Amino acid sequence: MRELGLKKKEFEQYIEKIMEIYGAVGLGVTIVSPQKTMYRKFFGWRDEEKCLPVDENTLFGLASITKSFTCLAIMQLHEKRKININDPVSQYIPEYHNNNQKTIRVYHLMSHSAGFFPQKRLCVEPVAREIGLWDSGEDLAYSLPLAEEGLRRVAGNLDRQTAYIADPGEFLSYSNDSYGLLAEIVRRFGGENSYAEYVKKYILEPLGMERSGCDFLKTAADPNVSLLYRFENGRKAVTNNFYDNAFVLMGGGALKSTIADMEKYLRMYLLSGWGEMEQIVQSESIGQMVIPQVNYRFNWKYGFGLAVSRIEDSRIIGHGGSLTGVSSYFLWSPELQRGVAVLCNTSGVPVGNIALAAMRIMADVLIESDIDDWKEKLWPERDVPLACGTYSCEEGTEAEIVRCKDGLGLKEKNGVIPLKMVAGDTLIYQDRMSVLDLKVFRRKDGTVWGMRRGGRILQKKADGES
C-alpha cells in the first residue's frame, strides 16, 4: 500500500483511543519516504494549561532512541579506525577492569549482551549535587567533571558484580550502563570535549537536525518545548525539568528532538547513511547495525542500538524510549521504503503501537494485533509451577508469577493478570491496548533462574528471600 489512503481515519482514531486510555497530553506523528513527508499530524498540547499546541518544531525528549545515535557514533569511529568494535572494552576504558567475567567487547555493549544484570540507575542530579556541580549554571550535558565521575561510578558498579547472566553475547538484558560506557568511548576517541558535542558535530549538524541535541537547560527554556507529564498514583503531574531521572552518562537517553528533525533522521536510514548533503556513515555500517545479534522481545531481535522484527516479508527496524514525560518510538523498513516517528510528552504511553500500526498499514495488513493472534502452546505440567515466584533486579523492575486456576498469572497491585503460554518458555498478556511478554529462563534440570521483562533479565528470588 505504502500510503495511509482509506486507513487514515482508522489510524487517527486508533491514536486518539491510545491517547484517551493512557492520558497522553500531546503527541506528534510523521510518516516519510526517502524523498518526502507522506503524513504529519499533531494531537493535543505541548502545554495543557496554556492550550499551546504541538507542531513539527516542538521539542520532545527522545529517551532511549538516543541509543541508536550512540551506535551510529561508534560505527563512525570504527570506520575511521579510531576504535574497533571487536576490541575489549577495557582497551578503551581502562577504568573498567572487566572483573569476574569473560572478555566483554565493544559490540557486546552495543547489543546489550555483556551479561550484566540491571544496576540501580545512576542519575545526573544526585551525582552532580554530590560533586558540587548542580548549582554551577553549566549545562551538565557538556560537563567533563560529571562525565569523569559518572564513568568512575558506572565502571566501579559493573566491576563489583560477582554474578553474571551468562557469557558475553549469549543473552540480551537491557543495560543503560553499557551505553554509558559507549558514550565515554565516543567522548574519548571522537576528538570532542563531550559526547553531546560529538553527536552534534558529526550526526545532527550534517543531517540538518538543527533543533536537536543533548542540552538540558537550553531545551527547558525553549519557547516551543513540550512540558513533561506523568501520572503518580492516578494523578497527573507536570515538570519542565529534563534532568528528571536522566542518566549520568549521556549515551543512553539524553537527546531531544522534533518531528521535523526526526524526519531527517529516518531518511538517513532509508538512504543507507546519506543526509541531504553528505553521507554521515557508510551503508555497510548501517548494515552491521541491523544484523540481529541476540533475541530481544517476543518476535524481536536486537542489533546495535536498533531492534529488528518483520511484518510479512518486510523488515521493520527501530527503537523506543521512555523517561519522565517521554514516550517515543521510530521505525523504518528498507523493503517498504517508509519510516515513522512518534513523539509524546507523557510517560507510559505505548507509542510503539502507533508506529507499528503505521508500518502495518504500509504493508497492507491489519492495523493492530491482540493476544488472540498469538498461538497458545501449553507447557509441560511439571514446568508450570517452577515458573512461580518473585523476580527482581537492582534497577527496580519486578515481577511475581503465581499459579491460577487456568494456569499462570502476573500479580500486580490491582490484581492478577492471566498469562498465556506460548512457545519458547514465553508468557504473554494483554495490558490495555498492548500485548506484553515475559520470557522464563531455565537451567538444564528445568529449574527457573530468571525472567526477562521489558528487555531486562531479572533474577528469581529463592523461596523465603525478601
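Helix α2 passes helix α10 in a left-handed crossing (left-handed means that the near helix is turned anticlockwise from the far one by less than a right angle, right-handed that it is turned clockwise). The model is predicted: local features need pLDDT of at least 70, side-chain atom pairs count only at pLDDT 80 or more, and totals for chains, interfaces and linings use all residues. Residues are numbered from 1 along each chain as its sequence is written, and side-chain values use heavy atoms, with hydrogens and water left out. Helices (H or I, at least four residues) and strands (E, at least two) are DSSP runs, numbered from the N terminus.

**Helix α2 against α10**
- α2 and α10 (residues 259-270) pack at an angle of about 50°, with axes 13 Å apart (axes are lines fitted to C-alpha atoms, for helices over the stretch in contact; angles run from 0 to 180 degrees between N-to-C directions).
- That angle makes α2 oblique to α10 (under 35 degrees counts as roughly parallel, over 145 as roughly antiparallel, 65 to 115 as roughly perpendicular, the rest as oblique).
- S68, F69 and L72 in α2 meet Y265, M268 and Y269 in α10 (contact means heavy atoms within 4.5 Å).
- By class, this contact has five nonpolar, one polar and no charged residues (Ala, Val, Leu, Ile, Met, Phe, Trp, Tyr, Cys and Pro count as nonpolar; Asp, Glu, Lys and Arg as charged; the others, Gly among them, as polar).

**Helix α2 against α7**
- α2 (residues 66-79) packs on α7 (residues 176-189) at about 40°, with the axes 10 Å apart.
- α2 is therefore oblique to α7.
- The α2 and α7 crossing is left-handed.
- From α2, K67, T70, C71, A73, I74 and L77 meet N176, Y179, L182, A183, I185, V186 and F189 of α7.
- The contact of α2 with α7 has 10 nonpolar, two polar and one charged residues.

**Barrel**
- Eight strands close into a barrel, ordered β14-β15-β16-β17-β18-β19-β20-β21, with antiparallel pairing (two strands pair if DSSP finds at least two bridges between them).
- From one strand to the next, the twist averages 35°.
- β14 (residues 389-392) and β21 (residues 456-460) pair in the antiparallel sense over two bridges.
- Y391 stands opposite K460 in β21.

**Open sheet**
- Nine strands form an open antiparallel sheet in the order β3-β2-β1-β13-β12-β11-β10-β9-β8.
- Its edge strands are β3 (52-53) and β8 (294-295), and each pairs on one side only.
- β2 (residues 37-47) pairs with β3 in the antiparallel sense over two bridges.
- D47 stands opposite L52 in β3.
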